[in-house]
Amino acid sequence: MARSCSCNDFNRAALLRRGAAVAGKGLPNIEPGMPMPAGTGLDRRTFLLASAGAALSVYGASMLSPRHFEEGIAEAAGASGPNQPVLVSIFMEGGWDALSVLAPVGEEGNTYETLRPKLSLEAKEALEKGTGKTFVEDPRLMWHPSAAGLAELHEEGKVTAFPAIGYEPQDESHFTSRHYWEVGQLDTNARTGWMGRYLDLPGVGEPNNPLQGLSLDYSLAPALATEKMPVAAVSSPADYTMWAEGLGSPVIEPALEAFGALGALSAPSPAYAQARAASYDTDLVLNKMASFVKSEKESGDKSAVTYPSGDFAERLAVLAAMLHTEMPIKCASLNAVGSYDTHSEEAGTLATNLAQTVTAVVAFQRDLEARGLDQRVLIQLWSEFGRRPRENGSGTDHGAGGNAFLIGTRASGKMVGEFPGLTNLDENENVVRTSDFRGMYCSLLEQWFQTPAGLVIPEAASFERPVLVK
Amino acid sequence: MGVTGHARSNHEQHRERAQAKAKRHAKHHKKKHKHKHKHKRVLKHPKPHRPLAAVPPAPPPVAPSSPPPSSSAPSPSVGSPPITLAQARRLLWRAGFGPAAGQAEALVGQPLEQVVFGLTRPSGEATLTGPEPVEENGQPLDPYDVWGEDHCWWLDRMVRSNQPLVERMTFILHDWFANSNEKVNSQRMMLEQNELFRSMCFGSFHDLFLAVTSNPAMLVFLDGISNEKRNPNENYAREMMELFSLGADRGAYTQEDVKEMARVLTGWTAEWSSEGLHEFEFDTARHDKTEKTLSAAFGTSGNPLKGNWDWEDAVRLCVEHPLHASFFVTKLWGYFIPSPPDDATLASLQGLYTSSGYSIRAVLEAILLHPDFYDGPELVTPPVVYNAGLLRAIGRPIDTNAWTWLSANAGQQLFYPPNVSGWDFSSWLDTSTTKARWEMASYVTAKTYENPWPKEGEPKYSETEEPAAAFANAMSYWGNPLLSSESSACIARFAETCPAGTSKTKWELSPYRAMRQNALRMLIATAPDMQVS
């Protein structure tokens, strides 16, 4: 089916099957309840799944929770240091119109006006008024007035632009194309996200740290879906607490421990495993977040930067605060404001959503700079495809080559691939791509995460590596 | 209880934020579509839309202990096995919204086929038993005009209708043809579409697809009214093939077919006035009357590859496409059974579908009677179904509209699917939505919790309740749902080892036991076992 796939249930199922096999055959001399030394071949979750139920019954009244086992193992695994690189991935859902974000108003021969009699009017007006700034690396292109903040960062050398990124053959389905980007390969059956596979690598992911892959959203971003390591979705980090009417101390604490323990029990099916893992991970996040929530409320950590209003900006503000308190985040994911699937009424919709997204992203970058975190954070803006050069009336249909940007103090600031122009479109009358998203991922892995790309991206050797980091 | 007070204020903020968001969207609505044309064919809905059902006040909610008698249901075939408790529970959760207290037990022993037909062949109009839905202040819901009350209006039907499968199928069709009020921006249009799904959910998929294609909410959501012969808009053309009838990445259509199908579908329009969009019509002057060409993938069905088609042909061409039947039965199957059908089952379902004239009911009955439904692995229960199920279990009517934002936080607000492919039914549960389900369960229990700190003169909670009795009482609160033995053992250990189970201090005895009771109810409702069926 064409749904976007994070498909945790499959992953968890595989994990559980493996866990059962190991528990049955691999290490038969482990007694129920015996704490497992780190590094004996079982990962932490497998160990817990195999033994937690028994462990609890053995320790009985002391209610030794799975959490106690983790502490030692966590130390062995090594906590994330404050200097670890962080990638913040922001998805512009729906396929944003690259030809409006960077409008080719300066292309010779009036091609833009011909293809876009209506939409080009607004661009022309912005050009005349001076609200649309020239893209300095290619003066044919003009930044959308709503992206003025990006223009400013670009002039500071903090934006690496991809004016026509994509892949071939282009799939114009939202769901297939976005899935390709999420899993980092052209495979509709892939079940792990590209960032998820990075987090699954030995020495990268930590088995007790769901915050290492953090969706700031109401649900998990598919690009973060892992096979082995826990990851988290937290819609409002400053409010990650659980309570109930008539339930207080000293009963709620053991109740929440039991809630987590229920998540560590065995599961007979993928759906069950998804439910168990979610409870287990929720308990882990609850514990990780407790100190942050407390410090947020008490110290009232104030940013030096004023963010615009709205959920998206709030989430970025909290993310900056979390990074500031050295929360162990490696990859974070957010959805930008609004939808970019502008089949109709494009001009107004795009201007509004783009402005809200860009002002929040720029505030986030300025906040990172003010906090001295800007050397370790890169921001990625991406979308599943660009849109058709020829407008359809008041909007545009699905296309091919689109925009992506990397933003950060350490971004190379050098455009990757050129803008190919509107006179040599592909057979479907779409913009020809001049860079490949898998090449971007490979470079991010190697230059930013210092990780061999071949461990994460299939056929990594076949992709060019643009310089993305300075 | 400082924690409680604080948490509440946060919840208030969530709701205010959500409402503010809704207002912002309302503001964004712009004037559009003022074309005037002479040649118009006014849309006739396939069935008149009934007004939203008004239900007379009735006694407190008691779900029927067995399905309503169904005059159209035939006698069960000889040898239809008696339904077991586990089967009845699964059927009630997957083909409805969970059992009310005692409902599953009452079905045990009846022939399976009779129970299924009771769901698939209801007679007459649905009846809704129990108090009518109201918001916090006891006022009736205003589903057309108040943000979120559309969600609660439908949730109420899920909780109270004696035709639960009709509501469940309506819910499935809302995901299948996923339109969001985020763009449609008219609760009235969304509810009219909802009524369309409800009235056609057991009929012919071909008829349904025609009605959906010409449905105002859909014409707005996928830009049918912007699709005009000089400026074809591909939005509906693509999704009608990719998501509604044929599926992506299986060779059913080409990019060129999307372009051609967009031309086939040209012609719809609407008028705009201060009251919003209305007069949705097929206007021949906006329709592209020139010949269109479809790829050979369509041709193998025996249809010509070229034709001067219109929107009704577009629907027919999709339904008659050789890859449609397999798409339809697999997609419908997936809403009820997580493991894919084997080849023989797939073939027989496809045969049933085409030979029955694209009957949704025929395929549905075959799925609900299939052994895989009862013997196969669990499915994760969607957030709205979970919410309705908890309310049904304790017999609580809709008496607040908080369910809207609570459900949204859990990943599902009715009338607001995340995009045109609907919700992702394969990944409902993560650390955000699991926390939200806890929150939802805490609201469900909030009017019937045991007060640890009663005022002078109010009854105190038991000082002597033993752990096992406490657990049993909490299970009974939820109508004794099914928990695995491991989960039961884990919760039982909590009952024994938490302070209420160990404290000997006199003043702690009652309040800690009340808290333990509340905690046990929460642990049962949020246990992984309760998230699946």
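**Figure 1. The largest nonpolar core of this predicted model.** Of the 284 residues in this core, A255(A), I367(B), L523(B) and I524(B) touch the most other members. Helix 11 of chain A (residues 270–299) gives the core its largest share, 11 residues. As general background, nonpolar side chains in soluble globular proteins tend to be buried together.

**Figure 2. A closer look at L523(B) and its contacts.** Setting aside neighbours within four places in sequence, we find L523(B) in contact with A255(A), A258(A) and F259(A) from chain A, along with I491(B) and F494(B) from chain B.

**Figure 3. Where chain B meets chain A.** Here 72 residues of chain B and 71 residues of chain A take part in the contact. On the chain B side, the elements giving two or more residues include helix 1 (2–28), helix 21 (431–445) and helix 25 (509–526). Helix 25 of chain B supplies the largest share of that side, with 9 residues. By residue type, the chain B side splits into 30 nonpolar, 26 polar and 16 charged.

**Figure 4. Helix 15 and helix 16 of chain B, packed together.** The axes lie 9 Å apart at an angle of about 110 degrees, so helix 15 and helix 16 of chain B are roughly perpendicular to each other. Helix 15 of chain B brings A325(B), S326(B), F328(B) and V329(B) to the contact, while helix 16 of chain B brings L346(B), L349(B), Q350(B), Y353(B) and T354(B). Among the residues of this contact, 6 are nonpolar, 3 are polar and none are charged.

**Figure 5. Confidence along chain A.** The average pLDDT of chain A is 84, and 81% of its residues score at least 70. Please view residues 1–80 of chain A with their pLDDT below 50 in mind; this stretch has 141 contacts in the model beyond near neighbours in sequence.

Notes:
Residues numbered from 1 in each chain as written. Chains lettered and ligands numbered in written order. Predicted model: local features only at pLDDT ≥ 70, side-chain atom pairs only at ≥ 80, totals over all residues. pLDDT = per-residue confidence, 0-100. Contact = placed C-beta atoms within 7 Å. Helix = DSSP H or I, 4+ residues; strand = E, 2+ residues; numbered from the N terminus. Nonpolar A, V, L, I, M, F, W, Y, C, P; charged D, E, K, R; others polar. Core = buried A, V, L, I, M, F, W, Y, C linked by C-beta atoms within 7 Å. Buried ≥ 20, exposed ≤ 12 C-beta atoms within 10 Å, placed from the backbone. Axes fitted to C-alpha atoms, helices over the stretch in contact; angles between N-to-C directions. Parallel < 35°, antiparallel > 145°, perpendicular 65-115°, else oblique.
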